[in-house]
Every structure is written in structure tokens, then in C-alpha cells.
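Please have the sequence and the model at hand.

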Amino acid sequence: MSKSNGLSAMEIDEEKQIGPKFQINVLQLLKSAQMQHGLRHRDYTRYRKYCTARLRRLYKSLKFLHGRGKFTRRTITEATVTDVRYLHIVLYMAERAWSHAMEKRQLPDGPNGKQRIYLLGRLRKAVKWATLFTQLCSVRGDPRTSLEAEAYASYMKGTLLFEQDKNWQTALVNFKNARAVYEELGKYGTIENQVLCRERVDELEPSIRYCLHKVGDSKLQTSELLDIGKMEGPALDLFQTKLEAVMEEARQQQAATMTEFNWLGRRFPISNAKTRVSILKAQELEKELQSPAAESLPSEKRLAIFDKIFSAYHDARSCIRNDLATAGNAENVKDELTGLDKAVSAVLGQRTIERNQLLVAVAKSKFRKQNDKGEKVTKPEELVRLYDLLIQNTTDLSDLVSSARDRSPEEAAFAEEYILKGSAFRAERSNSCIEHASGIMEAEKIPERLSKGVSSISLSGDKKMEKFLMEMLDEYESALGEPGSKTVPRIEKFPPAFTSVACNPIVLDIAYNSIDFPTLENRMKKDKKGLLSRLWG
């Protein structure tokens, strides 16, 4: 008992000497910071600047400054960590270094030699700070914080080895360790924390499968790697940069067995390895575009796949024409290369028509009404322009196939098919012109309809209520309209309508002319006239 009490006392003294244990939800903290400051849109520059500003605030709030004038970094040790913010400093130092490396990885043309050296240096810094974070959390953090710190450091180490293209087995071990920790942490805690841990496991899975592929312990196919590459997340950005290299390697291996290009029953030999790789890349993208899953893809992604197909076929044509320029006087080689160039150009023309048909479908969906995203409505002349392009594409393709002297039946049928398609596009274009004219006519009729509508406006209220209350006193029907409506009550028409009124009778007094009235001269006052009045009459 006394021994037990002695151990407890020693533990208490040790705890007093070291200090309290701190708790940090590492994954939740970082995920929230990343999503709110740039990584939702893969903007690593913005996130790096946020980490720098966050570190400045932490240093200032802790008064853990590095002096004025000459910079002298103050180290953070276990004894220094008297506040959880010291652990935040180490964590954000690792995040800033990692985001700076990812920023260099996203350069338009990829990092050059010097930039790649700098990129690896920043990743090494991230590993250094993540390792220090693990050491500090093992002493000053609670058990969950220590586990999350170990998983974070393992992920950083795996990322560095992943970018270095070496020690795939060690990288695999680090990624597996991080996955094991997040799988275990995903069983406990809040629902939000469990969801974040499961998402992290899903993000780590492609990197593990890729490492297994490089080690040789996996039978993962190139198409499966392509499916994994469609996933999104900060943890998958390095994986996506490696994916194209793997696809290129797989194409080169497959191109070694590809000796000819088949088109409309004809076989064209391919001697140039670069031409084979470009054609294989285009064919893989065509399979992706023609798969059932492609129908559910948004139009923007399908158009992006078309752009990649065009780029691959243009690279193939460039290689073919370079071979033609160096073929010299070898007529057989020139004929084979000319036929191959024609076949590749015809396939490129077919894909161009398919892409323009997709653009027509997108334009028609925006032709009648405004969509939810607030995009502009398609103008009729834009639709006509697209049909003009389709007519020109079909004409060029049919002319290309018909230009050969010894056309095969397959080529003749192919040319006839696209002549008919051109006629169909021309008819649809006439229909678009009619729609355009109808639209102009409707626009011209709008003022006339507006004037008629204004002239028919009545102040008597709703037209549905035809009778007034005074006209249907024997019916039980409201004259006030629907509850809550602004309809004018129809009690009685005002001003009242004109009504006929009876005139007074006309009296004809026919006895007036037959009555002899008595004379009243004797009652009249007689005028007295003077001399002058007598003289002047």
C-alpha cells in the first residue's frame, strides 16, 4: 500500500514538474483550416499565407518573439510547452512547409530542376516539424492527441518518400501506419470526428495501392489507377501527379506490342514509338468517353476529355508528318505514312463532329429558358453557328475519305454516311433559322399585345366574378373574393348605369283660343301727357 502511495506521489511530482496534458483535435483543426483557407479549391498559395499569418499571431500572443534586428530562432522543447499554443506553432510550421511544397508541385509546366530540389527541401522541413510535433505531443498531449500526431507524422514521411520516387516499401509502411491510426480513431469520439477519420482513410487508400503497385505486390491495372485518380482531396494531389507517369509507362509497354492501326478494314503499320503511345492515349480516352458511366458526367468534364483526345491525335499526326519529312525517296514508306495520316485525320474529324454535337445539345438546353446557375440563354445565331461548323466538319471528312483513288467499299459507305449527316445538319440549321425568325416575329408582336392588354384592364376587379351582390341577393355567394386576396369587393356597380326615366305628360290647352276674356282697361293707370309730349306725339 505504501509502495502504491509512493508511486502515486512520484507521478504527482512528475506531473507538477512537466505540467498538464493538452488536447488537440489535429485532424479536425487542420481540415477546418484547409477548407476555409484555399484548399477547397486547391489554392495552396492562399493556405500557405494563412499558415504564415497564423504563426505570426501565435508568436505575438505568446510573446515568443525571435528578437529584433538579427533573427535568432527560439527552440521549442518539452519544458517550453506551457501552453497549447506552442503545439499549434509546431503544427502550423509543418503545414506551411507542406503547403509550400504543394504550391511548387502545381506550377503550370511542372517544377524544373531547381524548383524540384526546393520542393523536396520543403517536404523535409515538413517531416522535421511533424516529427517534433509527435515528440512534444507524446509528453505534453493526451493519448488521442499523441496518436493523431503520430498519424500526421507518418503521412508526412510517406509523402516525402512518395515524391522522391524511392523507398516505396518504407512509404507503404508509413501510409499503412497512418491508415491504421485513423481507422481506430474513427470508431470513437463525436460523429463529426468519426466522419473525418473515415474520409482520411479513403484519401490514404489510393496512395497505399499505388505503393503496392510500385513494390509489385499488387495486380492493380492501369484502368483502376485511372479510376482512383478521379478522386479529390489534398491527400491525393501528389498521387494525381504520379498517375500520368504511370499511365505513360503502361502505354509504352503496351505500345511495344502495337504494330498497326486499323481503320475501315485497312491496316496501317506504325513504326514510331511516340506515334504508338499517342494513339494508345487517345484510344484509352475514347473508351472512357464511350463507357456507360460517361453519360452521367457533366458536359464540362466530357468536353475536357475531348480536348485531351484532340491533343493526343495532334501529337500522333505531328510524329507522322515528321516521319514523312525524313522518309526520303522510299515510296512504300511514304504511302504507308500517308495512309496512316489520313486514317488518324479521319478519326480526329469524327471526334470533332461528336464534340460539336455535344455543344449543340448544351446550347439547346439553354435555348428556351434560363438555367439555375444564372448562365446566359443561348442566342439563335450561336446555334446556327454550331450547325455551320457541323456542316463544314462533315464536308471536310467526306472529302478526305473520297479523295483516295482506290476507295474500298467501307470507305465509300463511310463517305456516304457523313454526306447524309451533313444533310441532316443542314435541315436542322434551316429549322434553327425558322426558330430565329419566329422569335423576331414574336418580339415585334409584344408592343401590340401590350397595348391590347392595357386597354382591356378593368377597375371592376376580378373577371371571374361576373355578378354583383345586388344582382344575386337570392344566392348564397360571397362577393368579396378569396380570403387574403386584393380583389375589389363587388357589391354594386359604381358609378351606376344609366336607366330610363318616365317624362312628365304633355297638356294641350285647346280651349284657350275659344275663351273671351274680360277687358281690364278700366283698371289700367292712364298716362298724363304734357305739351311737349303732345307735340312730339
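Which side chain meets that of Arg105 in a salt bridge? The side chain of Glu163 does so, at 2.1 Å from N to O. The structure is a predicted model, and the count of salt bridges in it comes to 18.

**The Arg105 and Glu163 pair**
- The salt bridge between Arg105 and Glu163 links distant parts of the chain, the two residues being 58 residues apart.
- Arg105 belongs to helix H4 (residues 84-105), while Glu163 belongs to helix H6 (residues 143-164).
- Both Arg105 and Glu163 are buried.

**Other salt bridges**
- Arg179 and Glu205 meet through their side chains in a salt bridge of 3.0 Å, N to O.
- This pair also links distant parts of the chain, with Arg179 in helix H7 (residues 168-185) and Glu205 in helix H8 (residues 191-215), 26 residues apart.
- Glu205 counts as partly exposed because its relative accessible area is 28%.
- A salt bridge of 3.5 Å, N to O, joins the side chains of Lys187 and Glu184.
- Lys187 is exposed, at 54% relative accessible area, whereas Glu184 is partly exposed, at 37%.
- Lys31, Arg200 and Glu203 are linked in a network of salt bridges.

**Nonpolar surface patch**
- Met470, Leu473, Leu480 and Ile491 form a nonpolar patch on the surface, and together they have about 400 Å² of accessible area.
- Within this patch, Leu480 lies in the loop between helix H15 (409-455) and helix H16 (531-535).
- Leu480 is classed as exposed because its relative accessible area is 52%, and the cut-off for exposed is over 50%.

Notes:
Residues numbered from 1 in each chain as written. Predicted model: local features only at pLDDT ≥ 70, side-chain atom pairs only at ≥ 80, totals over all residues. Heavy atoms only, no water. Patch = residues over 30% accessible without salt bridge, like charges linked within 9 Å, V, L, I, M, F, W, Y side chains within 5 Å. Areas by Shrake-Rupley, 256 points an atom, 1.4 Å probe, with all protein chains shown as cover. Salt bridge = Lys/Arg side-chain N within 4 Å of Asp/Glu carboxyl O. Helix = DSSP H or I, 4+ residues; strand = E, 2+ residues; numbered from the N terminus. Buried < 20%, exposed > 50% of the residue type's maximum accessible area, 1.4 Å probe, protein only.
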